[in-house]
Amino acid sequence: MAQDPLQKARETSFNYLSSRARSVHEVVQKLRQKEFAEEVIDEVIADLERLKLVDDRAFCRRWVEARLERATGARKLAHDLRRKGVAADIIDEVLAEYAGQLDSPGRAAHLLRKQSWRYRNLDRQKARRRMLGFLARRGYDAQTAWEAIDQVWKELQEDEVTGD
C-alpha cells in the first residue's frame, strides 16, 4: 500500500530533525530535495511550527549560545545564520540580545592571547596585521579588533621586557 505523501513528508522531517535542530529553511530545502509538493511542504512546516519542532528564533538562540565559547564575533554568526536561511530580522533581534557577550574587546583579546605564541617573534606591523586577519575571520568588527590588538600587543611587549 502506498504511503500518504503528507505522512511520508512528516516522517522525513522528523528523521531530519532527529540529528540536530534545524531552521525552517533547512527543513523546507530537505523536503524539496525529496521532491514533495509545495502544499505538502507548507502543511508539514505548519505542523512542525505548531508542535514547536522548528522555531527560527529558538534555533538562532541555540546557535549563538553554542558558539559563545568559541569567541565568534557577531558578523560571522550573522553570516552563518543567513546561510541557514534564518530571516535577517530574527538574526538582528537575537544578536542584539547577546551583543554584550559577542563583540567585546575582552573576548577578542582572550582569543588573541590563546594564539599569542604566533605573534611573539614578529615585527609589530606583521603581528598586528595577522591579528587583525585572525579576528576578522572570526567575525569581529574593526573597532573591536583594534582595541583587542592594542591590548594584547602591549601585553606581549611587557612580557618581553619582563622576560616571560
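**Aromatic pair, ring-charge contacts and buried residues**

The structure holds 1 aromatic pair. The rings of Phe-59 and Trp-63 have centres 5.9 Å apart and planes at 35 degrees, so the pair is tilted. Rings of Phe, Tyr and Trp (its six-membered ring) pair if their centres lie within 6.5 Å, and planes under 30 degrees apart count as stacked, over 60 as edge-to-face and the rest as tilted. This is a predicted model, in which local features need pLDDT of at least 70 and side-chain atom pairs count only at pLDDT 80 or more, while totals for chains, interfaces and linings use all residues. Residues are numbered from 1 along each chain as its sequence is written, and side-chain values use heavy atoms, with hydrogens and water left out.

**Rings and charges**

- Phe-59 and Trp-63 are 4 residues apart in helix α4, which means about one helical turn separates them; helices (H or I, at least four residues) are DSSP runs, numbered from the N terminus.
- Both Phe-59 and Trp-63 are buried, that is, under 20% relative accessible area with a 1.4 Å probe and protein chains only, whereas exposed means over 50% and partly exposed lies in between.
- The charged end of Arg-67 sits over the ring of Trp-63, 3.4 Å from its centre.
- Arg-22 lies over the face of Tyr-16, 3.8 Å from the ring centre.
- For a charge to sit over a ring, NZ of Lys or CZ of Arg must be within 6 Å of the ring centre and within 35 degrees of the ring normal.

**Buried charged residues**

- Asp-56, in helix α4 (residues 56-67), is buried yet has no salt bridge (a side-chain nitrogen of Lys or Arg within 4 Å of a carboxyl oxygen of Asp or Glu).
- The nearest side chain of opposite charge to Asp-56 is Arg-57, 8.0 Å away; Lys and Arg count as positive and Asp and Glu as negative, with His and the chain ends not counted.
- Beyond four places in sequence, Asp-56 touches Ser-23, Val-24, Gly-85, Val-86 and Ile-90, contact meaning heavy atoms within 4.5 Å.
- Lys-84, in the loop between α5 and α6, is buried, with a relative accessible area of 18%.

**Helix α6**

- The buried residues of helix α6 (residues 88-97) are Ile-90, Ile-91, Val-94 and Leu-95.
- They cover an arc of only 125 degrees around the axis, so they are on the same side of α6; the arc is that of the directions from the helix axis to the C-beta atoms.
- Asp-89, Asp-92 and Ala-96 are exposed on the other side of α6.
- The cover over the buried residues of α6 includes α4, α5 (74-83) and α7 (99-102).

Methods:
Helices (H or I, at least four residues) and strands (E, at least two) are DSSP runs, numbered from the N terminus.
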